[in-house]
Each structure stands twice: as C-alpha cells, then as structure tokens.
Amino acid sequence: MINHILNLKCTICGAEYQPDEVDYVCPHHGNEGILDVQYDYDAIATRISPETLRHNPDPTIWRYKPLLPVEPESPVPPLSVGGTPLYHTPKLAAELGLWHLWVKDDGRQPTASFKDRASAIAVVKAHEKGAAVITTASTGNAAAALSGLSASVGQKNVIFVPESAPQAKIAQLLTFGSTVMLVQGSYDDAFDLCMLAADEYGWYNRNTGYNPYMSEGKKTAAFEICEQLNWQAPDRIFVSVGDGCIISGIHKGLKDLLALGWIDRMPKLMGVQAAGSDFLYQAWRNGEDVLTKKPIAAHTVADSISAGLPRDRIKAMRAVTETGGAFIRVSDDEILRAIPQLARGSGVFAEPAGAAAFAGLVAAVRDGLVAADERIVVLNTGNGLKDVASAMKAVETIGTQAYHVAPNLESVARIMEQGVNA
Ligand SMILES: *Cc1c(COP(=O)(O)O)cnc(C)c1O
Ligand SMILES: [Zn+2]
C-alpha cells in the first residue's frame, strides 16, 4: 500500500480504484480508460515542502519522491534522471520581441530525452511488482529511456519501435542490450503489437497512455521548472505533443503544486503538433470528441511526435483546455528551421520534436497569441544528436555550409575575406 495515494480515477467515467485493484486501465473501457493517480496532499505536505527541498542536495527527480507514486522505501535506479537546466535566454527572447524566455533542456537527460523521467518510474514500479520483463512501444526515445534505465538495474526488457526510427535511437537500444523488435509499420502498429505481446507474455507494460504512472514521472519537469523559477509559475509553457503524455504530465505536476499551495496560478499550456501529425490540434480546433475521432495517418520529420492516434489524448486535451492554452500546428519546414534558430539563440541543440516546441513559440508570436511581457518556458524534449540527419537537413534548408579547404593558410584567407559567422 502506498499511503499517499488516495486512488486511481478513470478519466472517462470517474470510477475510482485502489492501486492493487486494477492493473493499468479502467476495466469498463478497454485500453482507452486511462487512470489518473489521485493523492492525499495533506499527507504529502507533512513530508515535503519548498523549505525541505531547499535543503535537499539530491538534484534528481527523487527529490520529489513523496509526490511520486512509488513506495517510500523502493530502491531507485542509479542513473541521474532530472535536474536538467532551465536556461534564461535573453538573446533568443529579444529576437522574438519577448522579455522573459527560458529553455528547459531535457536533452541533458541520461539517455538524452525527456522520456527518462517516465522510464525511471516504470523501472521502480516493475521492481515493486516483481516483474521479470518490462516492455514498451516507442517512436524511439521512450524505448531508449527504458533500455538505459533497465540496463542500470539489470532489468530485462523487450522494445517495439518502427523500423524507420532514427539510427541513433536504435543504436542506444542495441548497445544497452534490450531485446529489440523493429516493427515493419508505424509507431501505432508498434504500439498495438506491443500491447498484444505484453498481454500474451505477462510483461510489465510501460506503454504511454496506458500505464497510469508514466505521466507521474513526466510531471517532475513541472516541479523543476517552478522550483527553478523560485515557485513563481511562468505564464506559458510550450510543449511538443505526440501521444500527449508529456503535456499531461506537466499539467499534473502543476495541479499538484497548486493543490499544495506552492504556486498560485496555473500556467497556460501550449501544445505544439507537427502539421503532418495534428490529431489533437484538429480535435481542439473543431471541437471533436477525442474518444470517437478516427486515427489520422501521421507523417512528420519530427519522429518523436508522429502519432496517428495519440494515446494520452484525453489528458492532453484537458491540459490545454483547462489551462486556457492552445494547440499550435507547425510545418516540417518550420520545425527544421527552428533547430538552428534555437541552437544559435541559446546553445541548445534539439532533435526535431524538441525544436517543434520552439517553432510553436515562433508561430504563436507571429500570430499574436503571446504578449511581450509574459514569462515563457519552452521545453526541449530531446537532444539534437538523436537525429543528426535532420540537423544536417535543417542547416541545408537555411543555407549554412561548411568550407572545404586545402591544408594551407591561403585557402583559409580566401574564405575569411567574406568574414566570420555571427
Ligand atoms: C515523446 C516525445 C515527445 C512527445 O511526447 P508525448 O508524450 O508523446 O506527447 C516530444 N519530444 C520528444 C523528443 C519525445 O521523445
Ligand atoms: Zn472508466
């Protein structure tokens, strides 16, 4: 029994279950009945506060352990998850005509994406359950995260990714020693297959939008952002959205902080989708029901947010509507251009899905959705080294080239006549 958890509440029918009563979802709705973990905040407030955090030297997500859905005495994996930097970026802000902009760089996680926050929880939960094997489907990063976190504790795991996943992500899986299934199909196909296999073999299922604890790991980014801003919540947070678990997690973290009284207002959550994978944007724009809306065919350069049927769509839609935020849609060209713009303005190198959040901010400024004096946070969810091919395409798009020079000063001099890049 985890005594700071009140229950798991169905996001569709509101039914409440004790954690040991259900495996993952509300039994009334098949795989769609994603549950939300509800906490006893009075009990939590006796164990953690901004004051105790100030004296806690642990920089990882486990500094918030009393707010996480794990047993207090559960061992945690040794990889250092969380504690990523929140950079104040006045140069980038000025370029956009903004006054206060920060970039939270989750490309700095141990396996180089935001997904480590969730996979760390998955590894602990699987251990609590005594699971022999953990499995997940993934566009690549959730897989790499589960793979690396599992390697750190010697946990067996089986991974399902589309065979089109970027090489770097597949290399991580193989290097960490996972059993890797390269699925001949899309992420949505990999997801469905992984669900079947988990059921067939009785593996612990980490899948996004199914396992209720994943958004609980992801919420730690909201805790960090607010703590890094001295508990002065920002006005808006820009987050790229595929399955919608990250934006749901950020929302959950902010709701926790509001309930505890550690922040005094809810930031507006801005969900950024790729134009070729815009299920949630469409549903939001047209007022469609995300439970009955048909899957779309997803295609985008930002592989990590390519999802034809966002698995955490109920929570993601609420994250945007309940905070008065918006969904924003950006083209692949805007995403690619955002990679060097973000990198040059802040020193943060993002993979396409990470840069998409920044592309969303650029679009929001262009469309007059944000005021100059708002305090804005952009979340980079993945490291640029995850997808070098896209970075090369991005710099080609904007016309940046390297110079091939003979090994003598004269050839350097010929080029220097044109000056040095800013
Ligand atoms: C998974 C991922 C996202 C999107 O998260 P969802 O929970 O699927 O919305 C965005 N960026 C990167 C780099 C990711 O790996
Ligand atoms: Zn239900």
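Mentor: Before we start, contact here means heavy atoms within 4.5 Å. This is a predicted model, so to speak of local features we need pLDDT of at least 70, and side-chain atom pairs count only at pLDDT 80 or more, while totals for chains, interfaces and linings use all residues. Residues are numbered from 1 along each chain as written, chains are lettered from A and ligands numbered from 1 in written order, and side-chain values use heavy atoms, without hydrogens and water.

Trainee: Got it. So what does Gly325 touch, leaving out residues up to four places away in sequence?

Mentor: With those left out, Gly325 touches Lys268, Leu269, Met270, Trp284 and Val320.

Trainee: And where does Gly325 lie?

Mentor: You'll find Gly325 in the loop between helix H12 (313-321) and strand S12 (326-330). Helices (H or I, at least four residues) and strands (E, at least two) are DSSP runs, numbered from the N terminus. Gly325 also pairs up for a distance check with Ile296: they sit 29 residues apart in sequence and 23 Å apart in space, C-alpha to C-alpha.

Trainee: How much accessible area does Gly325 have?

Mentor: Its relative accessible area is 15%, so Gly325 is buried. Buried is under 20%, exposed is over 50%, and partly exposed is in between, using a 1.4 Å probe and protein chains only.

Trainee: Let's switch to the metal. What coordinates the zinc ion (ligand 2)?

Mentor: Cys10 (SG), Cys13 (SG), Cys26 (SG) and His29 (NE2) do that, at 2.1 to 2.3 Å. Donors are N, O and S atoms within 2.8 Å of the metal (3.2 Å for Na, K and Ca), and sites may look incomplete because water is not among the atoms.

Trainee: What arrangement do the four donor atoms make around the zinc ion (ligand 2)?

Mentor: A tetrahedral one, because the donor atoms around the zinc ion (ligand 2) subtend angles of 102 to 117 degrees. Four donors count as tetrahedral if all angles lie between 85 and 135 degrees.

Trainee: And which spacing do those donors follow along the chain?

Mentor: For the zinc ion (ligand 2), the spacing reads C-x2-C-x12-C-x2-H.

Trainee: Is Cys26 buried or exposed?

Mentor: Buried, with a relative accessible area of 0%. Cys13, on the other hand, is partly exposed at 42%.

Trainee: New topic: helix packing. How do H13 and H15 cross?

Mentor: The axes of helix H13 (residues 332-346) and helix H15 (residues 388-397) come within 8 Å and cross at roughly 90 degrees. That is why H13 and H15 count as roughly perpendicular, a label for angles of 65 to 115 degrees. The axes are lines fitted to C-alpha atoms over the stretch in contact, with angles running from 0 to 180 degrees between N-to-C directions.

Trainee: Which residues in H13 meet H15?

Mentor: Asp333, Leu336, Arg337, Ile339, Pro340 and Arg344 are the ones on H13. Their partners in H15 are Ser390, Lys393, Ala394, Val395 and Thr397.

Trainee: How do the axes of H13 and H14 cross?

Mentor: At roughly 95 degrees, with the axes of H13 and helix H14 (residues 352-366) coming within 8 Å. H13 and H14 are therefore roughly perpendicular to each other. Residues of H13 in that contact include Ile335, Ala338 and Leu342, and those of H14 include Ala355, Phe358 and Val362.

Trainee: What about backbone angles? Which phi does Trp231 have?

Mentor: A positive one, about 65 degrees, although Trp231 is not a glycine. Most residues other than glycine have a negative phi. Trp231 sits in the loop between helix H9 (220-228) and strand S10 (236-240), and is buried at 15% relative accessible area. Asn230, which follows H9, has a positive phi too, near 60 degrees.

Trainee: How many residues of H9 are buried?

Mentor: Eight of its nine, so H9 is mostly covered. Among them are Phe223, Ile225 and Cys226.

Trainee: And what is the phi of Ala112?

Mentor: Near 75 degrees, again a positive value in a residue other than glycine. Ala112 is in the loop between strand S5 (100-105) and helix H4 (116-129), and counts as buried at 16% relative accessibility.

Definitions and conventions: Parallel < 35°, antiparallel > 145°, perpendicular 65-115°, else oblique. Tetrahedral: all angles 85-135°; square planar, octahedral: opposite > 155°, others 65-115°.
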